[in-house]
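Let's take a friendly walk through some charged pairs and a helix packing. Have the sequence and the model open as you read.

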Amino acid sequence: MRHILRWAIRIALAAVVFAVSLYVGMGLRGWVDRRSAWPHRFSQITDSRVGASAAQLGSAEAATDVSPVETFRDVIEMVRSEYVEKVTDETKLASGAVRTMLYALDDTATRYWSPEQFDILKKQLEGEYAGIGAVLAVAKIKRNDVEQRRVMVVAPVADGPAARAGIRSGDYITEIGGRWIIAYDPRLDLNRLTLRTMPDTEYRKILRNATKKLTDGISWPRALETLLQPKDAELKLTIERPGAAQPLHVTVKPEPARVQPVEFRTLKNNIGYLRVALFSQSAPQRIKDALAQQGRLNGLIVDLRDNPGGPDYEGPRSVVRSMTTSLEALGIHGQIAAIAKGTTKRRVTAASDGKKPAQMVVLTNKGTANVAEVAAEAARVLAGARIVGSTTRGDGAYQKLVPLKIGAMTLTAGKWLTAGGRPIASTGLAPDIAVSAGSPAGVNDPVVSRAVTLLAGKGGGA
């Protein structure tokens with residue numbers, strides 16, 4: 001009986017296995033049949049304008065010679081003909097596509113500017129500021145192995161709203177009106193937590209708070225618009241300052257601010273103080289006129305603190321051309337820099353007018369950026385100038401400002417090489433003589449005082 005019972009159990013198990021195999025096999029066959037039928041069903045859905053079926057699109061996936069422009073055109077045509085509602089404003093589609101396209105390059109300095117933003121930028125290049133009165137940028141930093149994008153103050157306008165509120169070069173604006181400026185996905189912080197020993201309720205709470213912080217936040221493009229455009233109401237900002245233990249909370253009343261590109265005065269011992277706040281279109285001629293009225297100086301202080309540089313805009317507003325001509329007015333000539341792109345280098349030279357440059361000291365701080373850093377290093381290499389102050393920003397990107405049919409774009413088109421042939425490191429240019437001070441504070445600030453002493457021959461060996 002036991003022998004017969006064992007054989008009965010084996011036969012029953014075999015029958016069960018066979019039945020399960022048959023069922024799974026039939027299911028898989030049906031799935032394959034349905035799968036193979038999908039292209040035939042989808043191929044009946046075609047667009048009269050594009051003329052491409054799903055089967056044709058499937059074969060196009062393997063093609064390597066399809067132009068991205070063709071894909072863009074196909075999408076536009078499909079939206080025009082098939083979108084549920086009639087698209088009446090295609091400029092919105094175009095600007096959105098360009099904005100996303102440039103964002104995909106993962107370069108915060110390469111971005112799209114709407115017509116309104118472009119107008120604001122052009123005014124800034126001539127020294128007219130709205131909003132909080134500061135040059136802003138988006139900096140990429142890495143913290144806890146997470147890449148973040150922070151809105152950074154490059155340079156506040158002297159005596160502008162931001163400067164009066166105590167905002168300095170190098171500060172990060174992290175919140176506007178209590179809303180976090182989205183720097184990264186805060187849910188990534190969960191990866192750093194010890195989840196194995198964490199209760200499920202605590203994990204869910206942390207995840208819920210991180211998600212809320214993200215959904216309630218404000219994107220950095222929208223934050224820039226809020227900070228740079230005219231506003232009637234005050235803005236409550238949270239500031240993170242490198243080296244400060246706690247965030248700072250300030251209130252700024254946006255209002256128009258104006259920067260004088262060039263200021264000049266004569267100090268004691270016949271030492272000239274030349275403040276170049278902006279390489280605007282009018283800066284070179286202003287420098288020439290100021291120096292021509294003074295005759296021979298015993299020394300010249302060139303203050304480039306909080307000079308943000310800027311993108312190279314074709315035509316008379318070119319910041320690079322203004323910087324080059326300004327150095328010529330100071331008697332500095334030769335190869336002041338080069339622009340490197342791949343294996344090619346384009347020389348940037350300043351012509352000589354035969355005038356010998358005065359003994360010179362250049363003042364820098366964290367707000368000295370981009371072409372202002374190029375100018376400072378050119379003065380040091382070509383005219384033997386000493387740099388006094390603090391380390392510069394470290395912005396070595398050569399930027400082009402390109403007007404478009406709708407708005408404009410800034411594009412990183414190369415990297416600056418200094419007159420010494422070196423790239424500008426992200427850590428900035430170090431001064432010859434370090435003197436701690438914030439933004440320009442007139443002729444009595446400690447940086448200017450140190451420069452006067454240096455030029456007067458008291459402490460020249462420092």
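## Arg 80 and its partner

Arg 80 has a relative accessible area of 41%, so this residue is classed as partly exposed. In this predicted model, Arg 80 pairs with Glu 77 in a salt bridge whose closest N and O atoms lie 2.8 Å apart. Both residues belong to helix α3 (residues 68-82), and because they are three residues apart there, about one helical turn separates them.

## Asp 74 and Arg 73

Another salt bridge links the side chains of Asp 74 and Arg 73, with an N to O distance of 3.9 Å. That distance still qualifies because the cut-off for a salt bridge is 4 Å.

How accessible are these two partners? Asp 74 is partly exposed, at 30% relative accessibility. Arg 73 is also partly exposed, with a value of 46%.

## A pair in helix α5

Asp 119 and Lys 122 bring their side chains together in a salt bridge at 3.7 Å, N to O. The two residues are three apart in helix α5 (residues 115-125), so about one helical turn lies between them.

Asp 119 is partly exposed at 38% relative accessibility.

## A network, and the whole count

Some salt bridges share partners: Asp 106, Lys 140, Glu 147 and Arg 149 are joined into one network in this way. How many salt bridges turn up in a search of the whole structure? The search finds 23.

## Helices α9 and α10

Now for some helix packing. Two packed helices are described by the angle between their axes and the distance between the axes. For helix α9 (residues 283-292) and helix α10 (residues 319-329), the axes come within 8 Å and cross at roughly 10°. Angles under 35 degrees count as roughly parallel, and therefore α9 is roughly parallel to α10.

Which residues make the contact? On the α9 side they are Ala 283, Pro 284, Ile 287, Lys 288 and Leu 291, while α10 supplies Ser 322, Thr 325, Ser 326 and Ala 329. Sorted by class, the contact of α9 with α10 has five nonpolar residues, three polar residues and one charged residue.

Technical notes. Residues are numbered from 1 along each chain as its sequence is written. This is a predicted model: local features need pLDDT of at least 70, side-chain atom pairs count only at pLDDT 80 or more; totals for chains, interfaces and linings use all residues. Side-chain values use heavy atoms; hydrogens and water are left out. Buried means under 20% relative accessible area, exposed over 50%, partly exposed in between (1.4 Å probe, protein chains only). Helices (H or I, at least four residues) and strands (E, at least two) are DSSP runs, numbered from the N terminus. Axes are lines fitted to C-alpha atoms, for helices over the stretch in contact, and angles run from 0 to 180 degrees between N-to-C directions. Angles under 35 degrees count as roughly parallel, over 145 as roughly antiparallel, 65 to 115 as roughly perpendicular and the rest as oblique. Contact means heavy atoms within 4.5 Å. Ala, Val, Leu, Ile, Met, Phe, Trp, Tyr, Cys and Pro count as nonpolar, Asp, Glu, Lys and Arg as charged, and the others, Gly among them, as polar.
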